[in-house]
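Have the structure open while reading. The paragraphs below go through strand pairing, then aromatic contacts, then confidence scores.

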Amino acid sequence: MIEILGRPLDTSRYMALLDDNSCGGRCIFEGRVRTHNLGKEVAALSYECYEPMAMRQMEALRGLAMGRFSLRKAVLAHRIGPVPMGEVAVWIGVASVHRDEAFAACRFLIDEVKLKVPIWKRETYSSGNW
Amino acid sequence: MKIRVLYFANLRDLFGCSEEDISLQTGATLESLAQELSRRVPDLAGQIQSLAWGVNLELAPIGTALRDGDEVALLPPVSGGLA
């Protein structure tokens, strides 16, 4: 399941989507908005997105990971628009029979999302500069 | 032919809009479009090498031929996210 939303992510729903009794392992990554970037205090953060292409890229990545890592379940979600400090901006969850694939797939997916998916972050710093 | 061009991130500030229609000669490529946009906004020159290009929702190499009605997106680097 892939989701791109302009409101808080329903992470408990995503967790439930990973349910599969054949799976011994799940791996979850939560990317949250942190207080500092490049040594400066972040006042606000917002994500801009090329939605139709981002959905297409995320679907492709999910499909690739399902096959490469023999996953039973995979959920990718990204929040767009303004995201307050400490809240979840990206959520990745995978379930596999054994733990090795789950760890590897989760790492792969977050690295690829950050590299390939057309979503850009804009910080406003407390000093007032972009 | 008419191409819809989409701008993201700092390119929206540079071009003063999020999207616009650009007229190009039949047979134009992404390279031709890049040259035309650099002509219009010389400040683009500094980052044009770092851009990825999307044509109709797929990444496309700079030599890609364009057709009337194509949607082209200029994609600045997306890394530097949540690590």
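In this predicted model, strand β3 of chain B, residues 52-55, pairs with β4(B) in the antiparallel sense, and two bridges hold the pairing in the assignment. Where in β4(B) does Val55(B) find its bridge partner? The partner is Glu58(B). These two strands belong to an open sheet of five strands in chain B, with mixed pairing and the order β2-β1-β5-β3-β4. At the edges of this sheet are β2 (19-23) and β4 (58-59) of chain B, each of which pairs on one side only.

The next topic is the aromatic rings. Such a pair is described by the distance of the ring centres and the angle of the planes. How many aromatic pairs does a search of the whole structure find? Over all chains there are five. One of them consists of Tyr14(A) and Trp91(A), whose ring centres are 5.4 Å apart; because their planes stand at 45°, the pair is tilted. An angle under 30 degrees would have counted as stacked, and one over 60 as edge-to-face. Tyr14(A) is in helix α1 (residues 11-17) of chain A and Trp91(A) in strand β7 (residues 88-96) of chain A, so that the pair links distant parts of the chain, 77 residues apart. Both Tyr14(A) and Trp91(A) are buried.

A further pair is made by Tyr50(A) and Phe8(B): the ring centres are 4.9 Å apart and the planes lie at 35°, so this pair is also tilted. Why does the pair of Tyr50(A) and Phe8(B) join two chains? Tyr50(A) lies in the loop between β4 (40-49) and α2 (51-68) of chain A, whereas Phe8(B) lies in the loop between β1 (2-7) and α1 (10-15) of chain B, and therefore the pair joins two chains. Tyr50(A) counts as buried because its relative accessibility is 3%, with the cut-off set at under 20%. Phe8(B) has a relative accessible area of 3% and is therefore buried. Together with Trp120(A), Tyr50(A) and Phe8(B) are linked by ring pairs into a cluster.

Chain A also has a charge placed over a ring. Lys40(A) lies over the face of Tyr125(A), at 4.2 Å from the ring centre.

Last come the confidence scores. The model has an ipTM of 0.90 and a pTM of 0.90. In chain B the average pLDDT is 92, and 94% of the residues score at least 70. Where pLDDT is low, the predicted coordinates should not be read in detail.

Technical notes:
Residues are numbered from 1 along each chain as its sequence is written. Chains are lettered from A and ligands numbered from 1 in the order in which they are written. This is a predicted model: local features need pLDDT of at least 70, side-chain atom pairs count only at pLDDT 80 or more; totals for chains, interfaces and linings use all residues. Side-chain values use heavy atoms; hydrogens and water are left out. Two strands pair if DSSP finds at least two bridges between them. Helices (H or I, at least four residues) and strands (E, at least two) are DSSP runs, numbered from the N terminus. Rings of Phe, Tyr and Trp (its six-membered ring) pair if their centres lie within 6.5 Å; planes under 30 degrees apart count as stacked, over 60 as edge-to-face and the rest as tilted. Buried means under 20% relative accessible area, exposed over 50%, partly exposed in between (1.4 Å probe, protein chains only). A charge sits over a ring if NZ of Lys or CZ of Arg is within 6 Å of the ring centre and within 35 degrees of the ring normal. pLDDT is the predictor's confidence in each residue, from 0 to 100.
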